[in-house]
Amino acid sequence: MGDILELASRYRDEGADELVFYDITASPDGRTVDRSWVNRVAEVLDIPFCVAGGIRSVADAEEILNFGAEKISVNTPALEDPDLIDRLVKRFGSQCVVIGIDSLEQSGNYQVYQYTGDVDRTEASRYRTLPWVREVQDRGAGEIVLNCMNRDGVRRGYDIVQLAKVRAVCDVPLIASGGAGEMPHFREVFEESQVDGALAASVFHSAAIPIPDLKIYLIAAGVRIRPPDDRRSH
Amino acid sequence: MSSDTVIIGCCGANLASLAFALRRLGCEAPISEDPERVRLASHVILPGVGAADDAMSRLALAGFGELVPTLTQPVLGICLGMQLLFTASDEDDAACLDIIAERVAALQKHPERPVPHMGWNQLEIGTDTPLLRNIANGDYAYFVHSFAAPVGGYTRATADYGVAFSAVVEQDNFFGTQFHPERSSTLGATLLSNFLKL
């Protein structure tokens, strides 16, 4: 817990625009988990944050939102029960409901994968990526995080081509995930795929890319984003 | 801070983040659904999420419908709470608190501007207001909304989403922000701190 709070505070101070927490303690067997950590994160964060993982019902989402998260992100449970998206949107509004999609390119086709939180269970779902992107929007999803599995952890850049294809059918905010390794990758994905946000984990955790440097670089390149926060030092 | 700030609790979820934001400023603000408690407060905050008509019925049911327009201490409406200060909203044609004589309208969808408008956007500061002290033109705030108030004499800052809309409003002792100060980093903290000093 201390580690999460420390990291959350660090990213807050570095000027991150939003944080996503993947709750790996939310096990796939559906047993009750203690989510009070969300409340402690909300206590230190003054930027929006989203909680992903283990959200299978309106009640799960409600608990997380009441603890102070801005959004919840649903991945596999939405593939198992797409109507869950409609129920979440009806109860909390589109702006709270993010759909995470793990997409794998296989000889030019894009396939949605499920149970990606567990390597042994990861398998293709019955959905192709572009139809699924359309369906989740029709059901009211307010944002899509597209994780391009071919690029995940490779640090050779976002999947510009796939993201641009998804962008063309996505009218809600689209967040790129998977592949960030150096600063130009961020510039590329904003300029060429027209995404609304870029998500990264390892390059920020390791401080290989300091967020303030990245923001200064992107602003100089003409990408319109919130600059690093100079009030923090006062 | 010695002020006795109270959060009106009936129109929204996610009051935790607002209470935490105030606590970080040294202000322990109780969440109350008791009009008498709110009437006696030094500062009142009216947060809101969800739909306007639903929020108005919940306010009315708890006895706030008539009280809020008569308050004389500083009042801050946040997001939907700001929209409720207006006469009416196009959202389900809801009659609102009628403190500011204008109608809240829907944001128009555009291929490059999805609705809800969600994310960081820049403020353009107009008429001077103590609420925006130490906040600069072009600073970013965090917005989440599908409806917005047009620009008028009550507007103190605008933001642009295809069309300029009211981001900060002020009329007499009533203030409002369309964005979420509790999620707007140090800009939000500055604004809340300015409000508590009124």
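B:Ser89 has B:Val104 of β7(B) as its bridge partner. The strands concerned, β5 (residues 86–89) and β7 (residues 100–106) of chain B, run parallel and are joined over three bridges. The model is predicted.

**Sheet in chain B**
- The open sheet of chain B has four strands, in the order β6-β5-β7-β11, with mixed pairing.
- β6 (94–95) and β11 (147–148) of chain B are the edge strands; each has a single partner strand, so one side of each lacks a neighbour in the sheet.

**Contact between chains A and B**
- On chain A, 24 residues are in contact with 22 residues of chain B.
- At least two residues of the side of chain A that touches chain B come from each of α2 (36–44) and α3 (58–66) of chain A.
- α2(A) contributes the most to that side, with three residues.
- By residue class, the side of chain A that touches chain B has ten charged, seven polar and seven nonpolar residues.

**A:Ala180**
- A:Ala180 lies in the loop that links β8 (174–177) and α8 (183–193) of chain A.
- A:Ala180 counts as buried because 27 other C-beta atoms lie within 10 Å, where 20 or more are needed.
- Apart from neighbours within four places in sequence, A:Ala180 is in contact with A:Arg155, A:Tyr158, A:His185, A:Phe186, A:Ala198, A:Ala200 and A:Val203.
- From A:Asp3, A:Ala180 is 177 residues away in sequence and 23 Å away in space, C-alpha to C-alpha.

Notes. Residues are numbered from 1 along each chain as its sequence is written. Chains are lettered from A and ligands numbered from 1 in the order in which they are written. This is a predicted model: local features need pLDDT of at least 70, side-chain atom pairs count only at pLDDT 80 or more; totals for chains, interfaces and linings use all residues. Two residues are in contact if their C-beta atoms, placed from the backbone, lie within 7 Å. Ala, Val, Leu, Ile, Met, Phe, Trp, Tyr, Cys and Pro count as nonpolar, Asp, Glu, Lys and Arg as charged, and the others, Gly among them, as polar. Two strands pair if DSSP finds at least two bridges between them. A residue is buried if 20 or more other C-beta atoms lie within 10 Å of its own, exposed if 12 or fewer, and partly exposed in between; C-beta atoms are placed from the backbone.
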